[in-house]
Amino acid sequence: MKIAVLNGSPKGEMSITMQYVHFIQKKFPQHELDIFNVAQRIKTIRGNDKAFQKIIDLVKSSDGVLWAFPLYVLHVHSGYKRFIELISEKGAEDVFTNKYTAVLTTSIHFFDHTAHNYMNAICDDLDMKYVGGFSAYMDDLLKEKERERLILFAETLFEAIENKTPFSKSYQPVTYRKFDYIPGNVENKIDAGDKKIVILTDSEDNQTNLGRMIERFKNSFANEIEVINLHNINIKGGCLGCVQCSYENICAYGDKDGFMEFYNTRLKPADVLVFAGAIKDRYLSSRWKLFFDRGFFYTHSPSLIGKQIGFIISGSLRQIPNLRQIFEAWTDWQHANLVDFITDEYEDSAEIDALLQSFAQRLIRFADKNYIKPATFLGVGGMKVFRDDIWGRLRFPFQADHRFYKKHGIYDFPQKDFRTRIRNWIMMFLTKIPKIRKEIYTKKLKEGMIKPLQKILED
Ligand SMILES: Cc1cc2nc3c(=O)[nH]c(=O)nc-3n(C[C@H](O)[C@H](O)[C@H](O)COP(=O)(O)O)c2cc1C
């Protein structure tokens, strides 16, 4: 059996994920797994039809496709994303139709599910037969139990192809409505005061719905609003995955391109950041993904703390809750305030005008009050994953994160909470006595939980 392995790591053969693929190759010598370094070679692939065709021919001649990639900022690497865009841009979808497929990732389990959801949905869109996903922690291959799991995963894929097993789809195709947004006049311009607002976009045409929404949003303000176009920033290439940035947050590209300077001197000083983009497949464009990946030079330390962040999106965001979750999680993790998503999914320009106006008002109001809403599970849980890994396994090489976490109290392990520990010790001792246990669990517990809160109310 022949499997096309599409490698999504920018490190190519030096990839951790590929060691998992090599393990499968060793365990199943009867099958041929042909690896193509998609993310690493994206510059050639996107500029050269022959290179793209080589991958398509590989897929065509294979019995199955294995999407094998590392997690990159809650998703796939920008180069991999670009390749996925090329499949439809070059009309190569048919080659994937009805092929058996699976996803293999390595990561630290930080929003690995959103990347898996995305790839599962892309496979469904391509009408492939999605057998399943395998999400390994980057070191799992060292463990016997995990190796056994990986063998079973690979076996499942091979057996599914051999037995022509039917598989259900998980995602509905996204439907698009054609609607031209025509902005109306702005009656009350908002005074942003001393708040610096930056709109970041990849829009290349101001006569699209996105272009018009950006213009209408800008016009909501009495002040001049800076618009930065991602196409005008000198970005030499995608994140290399080299983690040179882990020592002191300096990207390996350094001043060879303009990304760090743009991020530090134009983006970071803003109080309000509005990200404006159009949906491309089930994410924004790969240019946007490039922005998020290259922003990783701050590694696992939030770099936009306290900002007001909002999104203006053209496309069917309401049909892609996974994308919404990616942005919600990213903003929560940044310790920033996600104000809203405004989209053009309405067939009423006046309604979009009103939404953009209210969006602009809320951004300024929250910025004035320094309001950051509490993080949900996405931010709270995500931060704990980082906290534990930077404390332990990843402290070296991620020394800049370790310094940041120490300084900002992110190492908030419960072990240091001595009051709670003593209380737990006393209460656990007391509840060993049946009479006291009954009294506490039947009568005192509810009251005990609200007592400290009631004290605040009384005060
Ligand atoms: C720029 C960058 C972004 C990353 N983003 C994530 C992430 O969002 N979630 C996660 O769990 N791991 C993330 N990781 C960790 C990698 O997915 C992990 O180290 C993976 O094993 C690397 O595989 P590779 O060597 O095949 O590229 C990121 C690593 C880098 C360099």
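How many residues line the largest pocket, and which of them lie nearest its centre?

Reply: The model is predicted, with local features requiring pLDDT of at least 70 and side-chain atom pairs pLDDT 80 or more, while totals for chains, interfaces and linings use all residues. Residues are numbered from 1 along each chain as its sequence is written, and side-chain values use heavy atoms, without hydrogens or water.

The largest pocket is lined by 49 residues, and E85, D202, K280, S285 and S286 lie nearest its centre. Its volume is about 1,200 Å³. Elements that give two or more residues to this lining are α2 (42-47), α4 (78-89), α7 (209-219) and α9 (286-294). Of these, α4 contributes the most, with four residues. Helices here are DSSP runs of H or I with at least four residues, numbered from the N terminus. A pocket is an open set of points on a 1 Å grid over the protein atoms alone, with protein on both sides within 12 Å along at least five of seven lines; a cavity is a set where a 1.4 Å probe fits but cannot get out, and lining residues have an atom within 4 Å of a point. Volume is the space filled by probe spheres set on the points, which are joined across faces, edges and corners.

One cavity of 30 Å³ or more is found in the whole structure, and the largest cavity holds about 40 Å³. Its lining consists of I3, I24, L33, L66, F153, A154, L157 and F158. Helix α6 (residues 144-163) supplies the largest share of that lining, four residues.

The search for disulfides (cysteine sulfur pairs within 2.5 Å) finds zero in the whole structure. C245 counts as buried because its relative accessibility is 8%, whereas C242, at 35%, counts as partly exposed. Buried means under 20% relative accessible area, exposed over 50% and partly exposed in between, with a 1.4 Å probe and protein chains only.

On the surface, F418, I422, W425, I426 and M427 form a nonpolar patch with about 560 Å² of accessible area together. W425 belongs to helix α14 (residues 418-430), and this tryptophan counts as exposed because its relative accessibility is 62%. Accessible areas come from the Shrake-Rupley method with a 1.4 Å probe, and for residues only the protein chains shown count as cover.

Technical notes
Patches are made of residues with over 30% relative accessible area and no salt bridge: like charges are joined within 9 Å, nonpolar side chains (Val, Leu, Ile, Met, Phe, Trp, Tyr) within 5 Å. A salt bridge is a side-chain nitrogen of Lys or Arg within 4 Å of a carboxyl oxygen of Asp or Glu.
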